[in-house]
Amino acid sequence: MSAIYRNSPLPRYYQLKEIMRERIRAGEWKPGDLIPSERELGEKYGISRMTARQAITDLVNEGLFYREQGKGTFVSQHKITQQLIRLTGFTEDIRARGQRPSTKVISAAMQAADEETAERLGISAGTLIFRLQRLRLADGEPLAIELSQVSFKDCERLLEEDLENNSLYRTLESKYGITLMEADQEIEAGLAGNEEAQLLKIPIGSPVLFTRRVTYTERNQPIEYAKAVSCGNKYTFYTHMKREQLVP
């Protein structure tokens, strides 16, 4: 589709959405490109600015575009797909996509576990745990803020590790002999606050995904309670589900 047909049963805003999708699929518009303004689209396709705005807003909500105040609307980077059926870390996910993962450690310290964290980790409130907050990037672009809270005997040794250049999960497995087996994860949609917006370089109120994950060792012992805030327009979560068959 390259033109808008007034006699088509499809609404004009929907036709414009399909035209813009095709321009992305064909590689005419690449990630990071500034798309034409509502006025320019209206003049080119003979539609109102309101119709153009509706099409753009829909694609922003779908994650294909993102807006920057005072600058315009841009084509989003391809989304990171995180499998929900395998336990992987950020570094593994990004490398699997052929991108370059990097990390900036915001803070690393021993801290007393609060009641929520203690309950998740099966320890007493006030127990000292290793608390690591990191900004995660792909090809230099901020994608997520992660807070890992880890509890095991002598976990204070993690303070000596270079977790800006090395994976936490790989370090636990290869250096500390801790086998990570499974995890429970919760995902919730939300909006970026001041801190998230500043670190992720997105406008305040942008859509984000909040995740909470408890990771277990081979003995079914919780070892990590992690929280993350991810850019909502850059992530896709994937899972495969089967319906339980009814017994005749």
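Throughout this talk, a residue is called buried when its relative accessible area is under 20%, exposed when over 50%, and partly exposed in between, with a 1.4 Å probe and protein chains only. Buried residues account for 40% of the 248 residues in the chain.

The model is predicted, so to speak of its local features requires pLDDT of at least 70, side-chain atom pairs count only at pLDDT 80 or more, and totals for chains, interfaces and linings use all residues. Numbering runs from 1 along each chain as its sequence is written, and side-chain values use heavy atoms, without hydrogens and water.

Let me turn to the fold. The chain has seven helices and 10 strands, taken as DSSP runs numbered from the N terminus (helices H or I, at least four residues; strands E, at least two). With contact meaning heavy atoms within 4.5 Å, 57% of the contacts between residues at least 6 apart in sequence join residues at least 24 apart.

Next, the cysteines. C155 is buried, at a relative accessible area of 2%, and C231 is buried as well, at 1%. A disulfide is counted when a pair of cysteine sulfur atoms lies within 2.5 Å, and that rule gives zero disulfides.

Finally, the accessible surface, computed by the Shrake-Rupley method with a 1.4 Å probe, where for residues only the protein chains shown count as cover. The chain's total is about 14700 Å². Carbon and sulfur atoms hold 47% of that surface.
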